Amino acid sequence: MTGPVNAEAEVVDLVSALIRFDTSNTGDPATTKGEAECARWVAEQLEEVGYATEYVEAGAPGRGNLFARLEGADRSRGALLLHGHLDVVPAEASDWSVHPFSGAVTDGYVWGRGAVDMKDMCGMLIAIARHFKRAGITPPRDLVFAFLSDEEAGGKFGSHWLVNNRPDLFEGVTEAVGEVGGFSLTVPRKDGGERRLYLVETAEKSMMWMKLTARSHAGHGSMIHDSNSVTAVAEAVAKLGRHEFPLVMTDAVGQFLQAVTEETGYSFDIDSQDLPGAIAKLGPIARVVGATLRDTANPTMLKAGYKANVIPASAEAVVDCRILPGRQAAFEREVDELIGPHVTREWITELPSYETTFDGDLVDAMNGAILSADPDARIVPYMLSGGTDAKAFAQLGIRCFGFAPLQLPPDLDFTALFHGVDERVPVDALKFGTQVLEHFLLHC
């Protein structure tokens, strides 16, 4: 790709081109596709302007990852990792207004699967990396650009494999910036008007998938049985699915709600009966905020039986558990009380929670970058109810943040676009984010 030196001028084309690679991650390596082709295309964009890149397949053929490093002025400082994942969740074309892998640019948006999760950030990083190289810009510290596979299935063939098998790729990295942070939330001011808050992710709930198993004697469906594995696992699943775990105010969520209170005057008293109503006033972001006030356990899969008139010897269920930092032991005790002694549980996926503090030079650089483009803004910390590749990088002692800045229209239901139909990102938001990230990387 050739084009003007200015990063903002080519970011839209880059994001659109990335979306046109169908990198759907089904969770099955045999049917997941496109990651290698997309990663090699990213390599071409970076090599074109003079980067040396390294392509790495993570544990299986086709699970492509691409790395490049830009040396900074002070090599004694820790490097900053800038990471984005190239895989996306599948999309059913018949449900969409445009083809999900068209990368269409229309009505002021770039449309397609991955537009916000997270080929927008990948495109911004490529644009800035190309601009820095072409313009001969030396950042204050080393920048490591990483474009990764398999994030949408937990990173077994991506970030976690790389951390366990190629830690040399992260040599000298002390801090990292990735997805699902830096986007704007417009709130009403208590004294009139509105203010944009930019949410910086400083914490994530754990992603823990639990398998429940009940066992009984197999038997004929026409007879009376005092033990039925299907009944036992169904009762356990129903109890878990209906259970409401206790409210817990973590530092990240408390700081976020305090900032919103200062701007809006809303009350977020954790002991109040009206807390859900207060949270609902935040609009669509309430889905995320509400999920970070308590642990959740959502049944997602059931498996039992092979014939209508045979009671099976075993029945299984899978439960998607998202646990707040510091809560796992208490969560497990509560689950054990709910499922009872006749159902066993085991963790089949264990990606721990993560939390860091909202302070330091990197946070100051984020704040300065946002204010340079939106002088009346305010950055605030928040916790993500889902998970990102930060869970892998934290194992290396890397301090991780979510900061993919986007200035969004107040009426856009941004959180619904993640894995949703008609996923799209505003063109103006991409240009804004590129401007902010460039400022950030020049002052980080």
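Where does Asp107 lie? I found Asp107 in the loop between strand 4 (105-106) and strand 5. I took helices (H or I, at least four residues) and strands (E, at least two) as DSSP runs, numbered from the N terminus.

**Ground rules.** I'm working on a predicted model, where local features need pLDDT of at least 70 and side-chain atom pairs count only at pLDDT 80 or more, while totals for chains, interfaces and linings use all residues. Residues are numbered from 1 along each chain as its sequence is written, and side-chain values use heavy atoms, with hydrogens and water left out.

**Asp107, continued.** I looked up its backbone: Asp107 has a positive phi of about 55° although it is not a glycine. Asp107 counts as exposed, because its relative accessibility is 65%. My cut-offs: buried means under 20% relative accessible area, exposed over 50%, and partly exposed in between (1.4 Å probe, protein chains only).

**Asp422.** Here I noted another positive phi in a residue other than glycine, near 60°. Asp422 sits in the loop between helix 12 (414-417) and strand 19 (424-426). Is Asp422 buried or exposed? At 13% relative accessibility, it counts as buried.

**Asp271.** I placed this one in the loop between helix 6 (251-264) and helix 7 (275-280). Asp271 counts as exposed, at 66% relative accessibility. I also checked Asp271 against Phe132: they are 139 residues apart along the chain, and their C-alpha atoms are separated by 50 Å.

Two packed helices are described by the angle between their axes and the distance between the axes.

Which residues make the contact? Helix 2 brings Trp41, Val42, Gln45 and Leu46, and helix 3 brings Ile126, Ala129 and Arg130. Contact means heavy atoms within 4.5 Å.

**More on helix 3.** I noted that 14 of its 17 residues are buried, so helix 3 is mostly covered. On the way in, Met118 lies in the loop between strand 5 (109-111) and helix 3. I spotted a cis peptide bond joining Asp117 and Met118, with omega about -10°.

**Leu18.** This residue lies in helix 1 (residues 7-19). Leu18 is buried, with a relative accessible area of 0%. Leaving aside neighbours within four places in sequence, I listed its contacts as Cys38, Trp41, Val42, Leu86, Lys119, Cys122, Gly123 and Ile126. I also looked up Leu18 and Thr202, which are 184 residues apart along the chain: their C-alpha atoms are separated by 27 Å.

**Domains.** How is the protein chain divided? I have domain 1 (7-185 + 355-442) and domain 2 (204-351), with bounds that come from an automatic or database domain assignment. Their centres, taken over C-alpha atoms, are separated by 30 Å. I noted 21 residues of domain 1 in contact with 24 residues of domain 2.
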